[in-house]
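Reader: I have a structure to go through with you. Can we take it piece by piece?

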2 protein chains.
Amino acid sequence: MALGTDYELQDCALARALEVVGERWSLLIVRDAFYGVQRFNDFLTHLGIPRAVLTARLNALVAAGVLSKEPYQQAPLRHGYLLTETGLELWGPLYQLSRWGGRHATEGGPHHLFAHAACGTDLDLVGACPTCGGSPVPPAEITMRPNPARSGSRREDPVSRALVGPHPLLEPIASAAVPA
Amino acid sequence: MALGTDYELQDCALARALEVVGERWSLLIVRDAFYGVQRFNDFLTHLGIPRAVLTARLNALVAAGVLSKEPYQQAPLRHGYLLTETGLELWGPLYQLSRWGGRHATEGGPHHLFAHAACGTDLDLVGACPTCGGSPVPPAEITMRPNPARSGSRREDPVSRALVGPHPLLEPIASAAVPA
DNA sequence: CACCCTTGGTCTGTTCATTGAACCCACTAG
DNA sequence: CTAGTGGGTTCAATGAACAGACCAAGGGTG
């Protein structure tokens, strides 16, 4: 986060977390990664973030062990950014913050809904499945879909288009990845 | 948060939430409010934040409905900043992010531990009580205490001193409020 | 009354981060 | 050769954050 350029002062785990993920666009980038965004250009167009900032944030997240840079083709070497194990564990905080935002900072409720893929039930407040019970559902078993009550104002980048239908979390979005 | 000075672009509830609590010090201020900090000067010395920034953040959080400004004495009029109902609901995201930071961004584990006041059991990952079961424990029923494994490097402001012993969340810290 | 202390601020000048736009390079397809 | 795409870097201008001085209302002390 660079708070006072760094945060040595705070003994607190929260401060440490914010150093990693508290910077202006970081959490949005991580959210997009959960949505299946992997490529530089997809982050760029979906977030509308300046290129230099995206470069800096991605590198910082890789350095912090939240994302990892993996090649997805060799011919011209290209890589995508994937969530690491550490990154995947950000799903809980991210989901809860998102829910809070949907309740208190968005009129008309959230734009996306999240369900347990196995049974189709919408997740509860802490991200657990009310019918299957117990602990929070891991992101790989979650499907997102747009909230039908809020269909206006779609955006027209490849990522937004890929997300108009239901979509499993973490599954790469179909962007330029149309080989045939 | 003022992202690009504002965030109109993102349809997402997360972006809305970040507009409210994503700014540099906001979540730390909210965390301190959960710890029982209420006064301008206590926030100031505990966080080591510039006064002007603190003023701006407190006003923004009040405007967003996360905090409310309540008088605590009349003689010279003074007020404290208290969490509203909306603010209290930030406990979930805050706790989870803090846990994540304790696991992945702090060597040696967290500095504070949180237990269910009624039974003394430490909270689980989502903030629920493993013995009493069920849904997350509301902040008013939580006690915090320093992690005994990490007793070094205490700071010496009134807030840090008040938090060296176990302390119920939301209970005002004893700062200059020592009348005798 | 004169003086200083506390609380909760505001003002100012400097530094730092973010922004947007332009530029760059490797590679490929036509 | 030319244009296009993916993934960047560089740069000037802006805006926010910083540290520290200053301010104001009220109170306590002598």
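Author: A:Met144 has A:His167, in strand 7 of chain A, standing opposite. Before going on: this is a predicted model, in which local features need pLDDT of at least 70 and side-chain atom pairs count only at pLDDT 80 or more, while totals for chains, interfaces and linings use all residues. Residues are numbered from 1 along each chain as its sequence is written, and chains are lettered from A and ligands numbered from 1 in the order in which they are written.

Reader: Which way do strand 6 and strand 7 of chain A run, and how many bridges join them?

Author: They run antiparallel, and 2 bridges join strand 6 (residues 142–146) to strand 7 in chain A. Strands here are DSSP runs of E with at least two residues, helices are runs of H or I with at least four, and both are numbered from the N terminus. Two strands pair if DSSP finds at least two bridges between them.

Reader: What is the strand order in that sheet of chain A?

Author: The order is 3-6-7, an open sheet of 3 strands in chain A with antiparallel pairing. Strand 3 (112–116) and strand 7 (167–168) of chain A are at the edges with a single partner strand each, so one side of each has no neighbour in the sheet.

Reader: What comes after strand 7 of chain A?

Author: A:Leu170 lies in the segment after strand 7 of chain A. Its phi is near 75°, a positive value in a residue other than glycine. Most residues other than glycine have a negative phi.

Reader: How many C-beta neighbours does A:Leu170 have inside 10 Å?

Author: A:Leu170 has 19 C-beta neighbours inside 10 Å, so it counts as partly exposed. The cut-offs are 20 or more other C-beta atoms within 10 Å for buried, 12 or fewer for exposed, and partly exposed in between, with C-beta atoms placed from the backbone.

Reader: And what is the phi of B:Leu170?

Author: B:Leu170 has a positive phi of about 75° and is not a glycine. B:Leu170 is in the segment after strand 7 (167–168) of chain B, and with 19 other C-beta atoms within 10 Å it is partly exposed.

Reader: Change of topic. What is in chain A overall?

Author: Chain A has 7 helices and 7 strands, in the pattern α-α-α-α-β-β-α-α-β-β-β-β-α-β along the sequence. Of its 180 residues, 42% are buried.

Reader: What joins strand 1 to strand 2 in chain B?

Author: A hairpin joins them through 4 residues. Strand 1 (residues 67–73) and strand 2 (residues 78–83) of chain B pair in the antiparallel sense over 6 bridges. B:Glu70 is opposite B:Gly80 of strand 2 of chain B.

Reader: On to the interface. How many residues of each chain are in contact?

Author: 38 residues of chain B are in contact with 39 residues of chain A. Contact means that the C-beta atoms of two residues, placed from the backbone, lie within 7 Å. On the chain B side, the elements giving two or more residues are helix 1 (13–21), helix 2 (26–35) and helix 6 (91–104). Helix 6 of chain B gives the largest share, 10 residues.

Reader: What is that side of chain B by class?

Author: The side of chain B that touches chain A has 20 nonpolar, 12 polar and 6 charged residues. Ala, Val, Leu, Ile, Met, Phe, Trp, Tyr, Cys and Pro count as nonpolar, Asp, Glu, Lys and Arg as charged, and the others, Gly among them, as polar.

Reader: At what angle do helix 1 of chain A and helix 6 of chain B cross?

Author: Roughly 80°, with the axes of helix 1 (residues 13–21) of chain A and helix 6 of chain B coming within 7 Å. The axes are lines fitted to C-alpha atoms over the stretch in contact, with angles from 0 to 180 degrees between N-to-C directions. The two helices are therefore roughly perpendicular, the term for 65 to 115 degrees; under 35 is roughly parallel, over 145 roughly antiparallel and the rest oblique.

Reader: Which residues of helix 1 of chain A make the contact?

Author: A:Ala13, A:Leu14, A:Arg16 and A:Ala17 do, and helix 6 of chain B brings residues including B:Leu94, B:Leu97 and B:Trp100.

Reader: Is helix 1 of chain B mostly covered or mostly open?

Author: Helix 1 of chain B is mostly covered, with 9 of its 9 residues buried. The cover includes helix 2 (26–35) and helix 6 (91–104) of chain A together with helix 2 of chain B.
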